[in-house]
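Please read the points alongside the sequence and the coordinates.

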Amino acid sequence: MIEIKPLISVENLTVEFPVRGSAVRAVDDVSFEVGHGEIVGLVGESASGKSTLGLSLMRMVPSPGRVRARRMEFDGRDLSALDESQLRQIRGSEISLIVQDALATMNPVTTVLEQITEVVRDHEGVRSRRVLRARAAQALRDVQLPDVEINLRRYPHELSGGMQQRVAIAQGLILGPKLIIADEPTTALDVTVQAQILSLLKQIRDGGTSIIFVTHDLATVAEICDRVLVMYAGRIVESGTVAEVFAEPQHPYTQGLLASLLPLGGDPPKRLDAISGQPPRPEAWPSGCRFHPRCPLWKSKGEPEICVNEDPQPDESRTHWAACHFAGEGVR
Ligand code: SF4
């Protein structure tokens, strides 16, 4: 049997920032894979490290952040061994980043045509205005933006939020990347436009492109992802297929996130369960299991010392795992 290698394979990835003379880990020793044509959701609250993890794959962590990994293999190449000019070639052409605030990433004084074709000029050296225009028009059609010829002449501020996000996606897709890192791409949009963008991302996946979908919203994960990685305090605390994690969440943090969701149909719950407390800051990760100060299961079990003293290790040989000493137990 021929083994199909994942598109990206990451082992023991750490992202550190120097803070007052110490190295603070925003992402701490995470390992995961993304297959070809797969959407993997990276979900967690603010300060969980999910956006930093996404940026680290493109080696775009702001200075003086430092990315280290035992292995960071993308399509057969070691990303950590590439120099800046090699990375520039990969960014955009093979790995694209789509962010929440599309407008902030655009140049306000250049038209949509110029925004979209800049990467084609830079990466492929295309200079023909006719060819660039045809490529840009096709890219806008691919993301189902109407009135293509009119919109190519517009400036970013003349577009609605949904149209700006489609232009950003067109820009990210125009060179045919193998992997898209989509960081909260629908968070700022209203629900109707959000549904359209999610549907578009699914079509992109169906065309063979892999997507890492960074979000705080488990409902959108359920909508489009194949697998989910739940992040808490710089670590992946649960991993599995969407079906597995939603049917039987094993980590109390995932259970809390799911309990916070509004049900689809049926009667609303009497109250929405939420996770108490605030996520910790990277310079103050708690000892042992980093979730223990907020963990309802730890409290219901009489606050066992193992949770305070021992960092729970997941069984990563399983397709569905959780980093918890009492994985799979719910609060009784
Ligand atoms: S290891 Fe303990 S504190 Fe951590 S999630 Fe599991 S039960 Fe809660």
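Predicted model: local features only at pLDDT ≥ 70, side-chain atom pairs only at ≥ 80, totals over all residues.

Is the crossing of helix 3 and helix 6 left-handed or right-handed?

1. Helix 3 with helix 6. The crossing of these two helices is right-handed. The axes of helix 3 (residues 112-124) and helix 6 come within 8 Å, at a crossing angle of roughly 25 degrees. Helix 3 is therefore roughly parallel to helix 6, since angles under 35 degrees count as such. On the helix 3 side the contact involves Val112, Gln115, Ile116 and Val119, which meet Val167, Ala170 and Gln171 of helix 6. Sorted by class, this contact holds five nonpolar and two polar residues, with no charged residues.

2. Helix 6 with helix 7. Helix 6 (residues 161-173) also packs with helix 7 (residues 191-206): their axes come within 10 Å and cross at roughly 15 degrees. The angle makes helix 6 roughly parallel to helix 7, and the crossing is right-handed. Helix 6 contributes Gly162, Gln165, Arg166, Ile169 and Leu173, while helix 7 contributes Val193, Gln196, Ile197, Leu200 and Ile204. Six of these contact residues are nonpolar, three are polar and one is charged.

3. Helix 3 with helix 4. Helix 4 (residues 129-142) packs on helix 3 at an angle of about 115 degrees, and the two axes are 9 Å apart. This crossing, too, is right-handed. From helix 3, Val112, Leu113, Ile116, Thr117, Val120, Arg121 and Glu124 take part, facing Leu132, Arg133, Arg135, Ala136, Ala139 and Leu140 from helix 4. The contact of helix 3 with helix 4 comprises eight nonpolar residues, one polar residue and four charged residues.

4. An open sheet with mixed pairing is built from seven strands in the order 7-8-9-3-10-11-12. Its edges are strand 7 (95-98) and strand 12 (321-322); each has a single partner strand, so one side of each lacks a neighbour in the sheet. Strand 7 pairs with strand 8 (residues 179-183) in the parallel sense, over four bridges. Within this pairing, Ser96 has Ile180 of strand 8 as its bridge partner.

5. Helices across the sheet. Helix 1 (residues 50-57) lies across strands 3, 7, 8, 9 and 10, and runs at about 150 degrees to strand 9 (210-215). Helix 10 (residues 252-259) lies across strand 10 and strand 11 (235-241), at about 105 degrees to strand 10.

6. Domains. The domain assignment divides the protein into domain 1 (8-94 + 177-322) and domain 2 (103-176). The C-alpha centres of domain 1 and domain 2 are 30 Å apart. Their contact draws 16 residues from domain 1 and 13 residues from domain 2.

7. Backbone details. The peptide bond from Ser63 to Pro64 is cis, with omega near 10 degrees; Pro64 sits in the loop between helix 1 and strand 4 (66-68). Asp75, a residue other than glycine, has a positive phi near 50 degrees. Asp75 belongs to the loop between strand 5 (71-74) and strand 6 (77-78).

Methods:
Residues numbered from 1 in each chain as written. Heavy atoms only, no water. Axes fitted to C-alpha atoms, helices over the stretch in contact; angles between N-to-C directions. Parallel < 35°, antiparallel > 145°, perpendicular 65-115°, else oblique. Left-handed = near helix turned anticlockwise from the far one by under 90°. Contact = heavy atoms within 4.5 Å. Nonpolar A, V, L, I, M, F, W, Y, C, P; charged D, E, K, R; others polar. Pairing = 2+ DSSP bridges. Domains from an automatic or database assignment.
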